[in-house]
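Hello,

I am passing a structure on to you, with some notes to go with it. Please have a look when you get a moment.

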Amino acid sequence: MIRREPVYEEFKKTGERILCSACGHEFAPDEPPTPPPAKPAIFGPDDLPLTPRVFDETERGRCCRYCRHYVVNPFRQWCGRHERETEATDLCDDFVRKDDEA
C-alpha cells in the first residue's frame, strides 16, 4: 500500500512524494513502488457453489407473483381475481400469466 503526498513550493504544487503507508519509506522518483503480492489461486471455477433452484418450472407457472391478477402496493399484496390478500409465493390453480412474462 502506498500513500501519495503532494509537494508544494509556497502555494504551487510541484510534485508528489510516494511513501509506504506501513513503514513510511519514501520511494525515489525513478523507483517504481513494488506491487502488492498477488493473491494465490486457491479456488477454481469448480469450487463455486451451485445456484439453488427454489421453484420447479411447473410451480413457477402457477406462482402468484407472475399472475395477471396479482396487485402490489405499499400496504398489501392483493389477488384481483379472488379479491383477497395473497403473497408473491402463493400458488393458484386459476393462474393467468402476465402479458410481459409470456
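Predicted model: local features only at pLDDT ≥ 70, side-chain atom pairs only at ≥ 80, totals over all residues.

Residues are numbered from 1 along each chain as its sequence is written, and side-chain values use heavy atoms, with hydrogens and water left out.

Three strands make up an open, antiparallel sheet in the order 4-5-6. Strand 4 (70-72) and strand 6 are at its edges with a single partner strand each, so one side of each has no neighbour in the sheet. Strands here are DSSP runs of E with at least two residues, numbered from the N terminus, and two of them pair if DSSP finds at least two bridges between them. Strand 5 and strand 6 are joined by two bridges and run antiparallel. Tryptophan 78 has glutamate 85 in strand 6 as its bridge partner.

The loop between strand 5 (77-79) and strand 6 (84-85) holds glutamate 83. Its phi is positive, near 50°, in a residue other than glycine.

Glutamate 10 lies in the loop between strand 1 (2-9) and strand 2 (12-20). Here too the residue is not glycine and phi is positive, near 60°. Glutamate 10 is exposed, at 78% relative accessibility.

Best wishes

How values were computed. Helix = DSSP H or I, 4+ residues; strand = E, 2+ residues; numbered from the N terminus. Buried < 20%, exposed > 50% of the residue type's maximum accessible area, 1.4 Å probe, protein only.
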